[in-house]
Amino acid sequence: MAIPSNILTLLAGVAITCLSLWYGQNHGLLPTAAANDAPLVDGLFNTMMTIATGLFLLVQGLIFVILWRFRRQPNDATDAAPVHGNLALEILWTGIPVVIVLGLSVYSFSVYTTMGGLSVGHGGGSHMAHAHPRDAAIAAELPSSAAEETANMPRVSAGLGTPTAQQPDLTVNVKGLQFAWIFNYPDQNIIAGELHLPLGKSVQLDIEAQDVIHAFWVPQFRLKQDAIPGEQTRLQFTPTQVGTFPIICAELCGSYHGAMRSQVIVETPENYDRWIQSQTATATVLPSRLEEATAALDLQVAPEHIHHLHQLAASL
Ligand SMILES: [Cu+2]
């Protein structure tokens, strides 16, 4: 008994939907999620993966079905009837992508704003919220010495001292330079070549670049922010998982860009306090570590670069 083709189509649709929904949750392509906003990003990625899987199965499946069903018949040398356009079909295959693209753009924008991309003083949209006029307004209200200080500070493209900004538990100044990351804990007077963070505490990273544009990226946090010379950018997040994760420069910045890596160590508050105590605020810590690191990686960094780093660390 032949199964009617509309039943077959329905079954194929159900199968493709189930497979897509399953694969969208089980693709295993993302690294562990270790910051508070990471599930939002993963939700968006999984949705896109579900849709992409469904479209892939549908298109590839149709190609094979059509190749088979309309293959040349043994005793029939004639061609099929010519077809010129099909308005309903064309509206359908234009309409479906339009709905998908619009839906995804609304969804991704909502994730971006939920992560604080548009709210000044929160991570994300470094290029969208320029704070110049407000900086001037803040400076005008301060006593003159403080006003001068504010005026001399680099422009913060992702917000400065807005009343709505939540006070983070910990602020770290991050500086990118060819070809390393330097982490400065202003409250503890610590300078380090790797980033230590306490689990479950809200963190603010004030990011800057020394020379060219770099980008601070931690895949496990699902966060990436440009580091721009003369312009401060910001990230705010809370680490949610203990572990050691890579910090990667995500902006081609010169010949050793590929080696511009460090690591972030998320540890329990007790271990974090221990690390803080073990650190002394000495400018010699950083260059010696960098020398060790470059020697270990056999990077053959030119001596003048090491010398430059020594000078730089001394000036911090
Ligand atoms: Cu870089």
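## A walk from the paired strands to the copper ion

Strand β5 (residues 195–198) pairs with β11 in the parallel sense, over four bridges. Strands here are DSSP runs of E with at least two residues, numbered from the N terminus. Two strands pair if DSSP finds at least two bridges between them. Within this pairing, proline 198 stands opposite glutamate 267 in β11.

A word on the source. This is a predicted model, in which local features need pLDDT of at least 70, side-chain atom pairs count only at pLDDT 80 or more, and totals for chains, interfaces and linings use all residues. Residues are numbered from 1 along each chain as its sequence is written, and side-chain values use heavy atoms, with hydrogens and water left out.

Stay with β11. Five of its seven residues are buried, so the rest of the structure largely encloses this strand. Buried means under 20% relative accessible area, exposed means over 50%, and partly exposed lies in between (1.4 Å probe, protein chains only).

Now step to β10. Strand β11 (residues 261–267) pairs with β10 in the antiparallel sense over six bridges.

Which protein atoms are the donors of the copper ion? They are His214 (ND1), Cys249 (SG), Cys253 (SG) and Met260 (SD), at 2.1 to 2.4 Å from the ion. Donors are N, O and S atoms within 2.8 Å of the metal (3.2 Å for Na, K and Ca); water is not among the atoms, so sites may look incomplete. Along the chain, the donors follow the spacing H-x34-C-x3-C-x6-M. Cysteine 253 and methionine 260 are both buried.

Why is the arrangement tetrahedral? The four donor atoms subtend angles of 92 to 124° around the copper ion, which makes it so. Four donors count as tetrahedral if all angles lie between 85 and 135 degrees. The ideal angle for four tetrahedral donors is 109.5 degrees.

Next, the rings. The whole structure holds six aromatic pairs. One of them is phenylalanine 221 with phenylalanine 245, an edge-to-face pair with 5.9 Å centre to centre and 65° between the planes. This pair links distant parts of the chain: phenylalanine 221 is in the loop between β7 and β8 (223–227), phenylalanine 245 is in strand β10, and they are 24 residues apart. Rings of Phe, Tyr and Trp (its six-membered ring) pair if their centres lie within 6.5 Å; planes under 30 degrees apart count as stacked, over 60 as edge-to-face and the rest as tilted. Phenylalanine 221 and phenylalanine 245 are both buried. Elsewhere, ring pairs link Tyr185, Tyr272 and Trp275 into a cluster.

Finish at strand β6 (residues 203–209), where aspartate 206 is found. Aspartate 206 is buried, with a relative accessible area of 10%.

Methods. Tetrahedral: all angles 85-135°; square planar, octahedral: opposite > 155°, others 65-115°.
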